[in-house]
Amino acid sequence: PAPWEERQFDPHGSMLAELLIECDATLLKVGYLRRLAQQRARLPRWQDLPLDHPEGLRDFRACSVLRGEELRRQLQGASELFVVSHAWLSAEHPDPFGSRLQELVEEFAVLRAKDCDLVFVDFCSLPQVDKLHEEYRRAHRQGRALPADHQALRTPSQEACFQKALARMDLIFASGISKVVVLPDLLDLDEMEDPYTPCRLEYHQRGWCCFEFAVALHFDRIVSEVPKKLRAFDPLSLPDMVHAGKVRFLVPHDTDKVLSVFERTFYARKKGELVAAISRGKAEQWREGIGIALKAYSPSVRRQIIQALGDTCAHGFMGDVSPAMEDVDCGVRAAAVAALTRMATSLPPHADPLGEKVAAHREALVSCLGDGLWQVREDAMVGLGQMNALDMHSHTVAESLDDPIPAARVSALSSLVKLGDSAGMHAEQVHRLAKDDQYAFVRDAATTTLEKLGRQDLLQELLEQQERERKANQKREVGGKESALDEAARTLERLHAQLCS
């Protein structure tokens, strides 16, 4: 697996839930699969799943499968999510005789899965073509296509959902809530007869299986026993194994699609090589990989690539890094602001003769002054200061003097000094911080700022206030001591009176 910090991704399943809802995917209840296994049934096709509650029952426990917003609620609740990676037993159906379902239920018992836990199985969770339909089989034998609206095929909307899911299938096996169950065994192949076509390729020889396994291994999501033949499997070897013919896709046109999706994991895993190449000034030679790594699921990978580009002032990648200023991860946003500032301030004149790139970055920094993370806001102010652009946004900087984060208030004070003459109009705000802020280091920073602004009148007022407070404190201390002496004297008088009596 990848290092721990690079495996931390989608810890609450919010991204996964969004994808599944967008693709109209279905999750099955473990209890439902157990009931099917007791009935000696087989894995059902997506289109054949029951979607309605049993009559008279409306609670979650009565559901066999979940879609839509209920799916989101349960994923982010107490239910576990099991994602199944399995070798289809036939080209027409992954589980012709129900043996795969039986095996899956037995694995759930080993994993101590609860009936309310949820399961993703490709055949059951996404729209499928009915390859057992008589007209589909006849057309397949004759080498012709069915009409687009034939009932054996996916509808246009179902096909669109299916393709969306395929384009982000790695997310399903990478999410922090996914518990991947690997079922590699080939079952019942010698018992199959028409209409089934047995798939005899081993799990470790199949493209989809190796893709799912590689992603799950990288993110350390596998909870079942790892097959012996895959214990030494290196996810980075998947593209080479496909090109060498050692791993094959049962549907050949899936090859390029899957390898394209796998690039996110592939280049995230090569993050060390990418950072090293950037540090050696060879970023352009790795442009494709760097661009893909900037979209890696792991915020840690995105952040490290951005920091490396910033450290080397890789000006050619400003356009690639700019979108990261709106990244969902606050650490990535902060890294992007700092990196782009270094790039913009070191940009040679001939690389930006009209100043368009610098101007665009300056405007982007202004938008970051309202970011929800104080570190991003601070880096944006520092960046504008380095670009001598703070004076155009003095009011925005002044608003940061009221920032709830004390460190951000200090940063705003530092930036305020760089505003020049326009800084003087905010002296009263600075004076208020020096006088009333609850943190001593903020008060000290505000006092220093007043000195730099040349506001001796406010400093004198501040000193007079501090002197008044000092005298008041001394008076309270003396009063407290006198009060304590009086109390002691009264206590002695009481004791004396008791002894005399």
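The largest pocket has a volume of about 1200 Å³. The model is predicted: local features need pLDDT of at least 70, side-chain atom pairs count only at pLDDT 80 or more, and totals for chains, interfaces and linings use all residues. Residues are numbered from 1 along each chain as its sequence is written, and side-chain values use heavy atoms, with hydrogens and water left out.

## Pockets and cavity

Rolling a probe the size of a water molecule over the atoms shows where empty space is left. On a 1 Å grid over the protein atoms alone, a pocket is an open set of points with protein on both sides within 12 Å along at least five of seven lines, while a cavity is a set where a 1.4 Å probe fits but cannot get out. Lining residues have an atom within 4 Å of a point. Grid points are joined across faces, edges and corners, and a volume is the space filled by probe spheres set on the points.

In the largest pocket, 42 residues form the lining. Nearest its centre lie Trp-88, Ala-91, Lys-131, Val-251 and Asp-254. Several elements supply at least two lining residues each, among them β3, α8 and α12. Helices (H or I, at least four residues) and strands (E, at least two) are DSSP runs, numbered from the N terminus.

The second largest pocket is lined by 22 residues, and Lys-295, Ala-296, Arg-302, Asp-327 and Val-328 are the closest to its centre. Here α2 (14-22), α15 (299-311) and α16 (318-321) each supply at least two lining residues.

The structure also holds one cavity of 30 Å³ or more. Its lining is Leu-166, Ala-167, Trp-208, Lys-257, Val-258 and Val-261. Two elements give two or more of these residues: α8 (156-167) and α12 (254-269). The largest share, three residues, comes from α12.

The table sets out volumes and lining classes. Ala, Val, Leu, Ile, Met, Phe, Trp, Tyr, Cys and Pro count as nonpolar, Asp, Glu, Lys and Arg as charged, and the others, Gly among them, as polar.

| Space | Volume | Lining residues by class |
|---|---|---|
| Largest pocket | about 1200 Å³ | 21 nonpolar, eight polar, 13 charged |
| Second largest pocket | about 540 Å³ | eleven nonpolar, three polar, eight charged |
| Largest cavity | about 30 Å³ | five nonpolar, no polar, one charged |

## The sheet

Five strands form an open sheet in the order β2-β1-β4-β3-β5, with mixed pairing. Two strands pair if DSSP finds at least two bridges between them. The edge strands, β2 (65-66) and β5 (178-183), each pair on one side only. Strands β1 (residues 27-29) and β4 (residues 118-120) are antiparallel and share two bridges. Within this pair, Leu-28 has Val-119 as its bridge partner in β4.

## An aromatic pair

There are eleven aromatic pairs (Phe, Tyr and Trp rings, Trp by its six-membered ring, with centres within 6.5 Å; planes under 30 degrees apart count as stacked, over 60 as edge-to-face, the rest as tilted). In one, the rings of Trp-88 and Phe-123 have centres 5.5 Å apart and planes at 90 degrees, so the pair is edge-to-face. Trp-88 sits in the loop between β3 and α5, and Phe-123 in helix α6, 35 residues apart.

## Backbone exceptions

Most residues other than glycine have a negative phi, and most peptide bonds are trans. Arg-40 is not a glycine, yet has a positive phi of about 60 degrees. Arg-40 lies in the loop between α3 (30-38) and β2. The peptide bond from Asp-194 to Pro-195 is cis, with omega near 20 degrees. Pro-195 is in the loop between β5 and α10.
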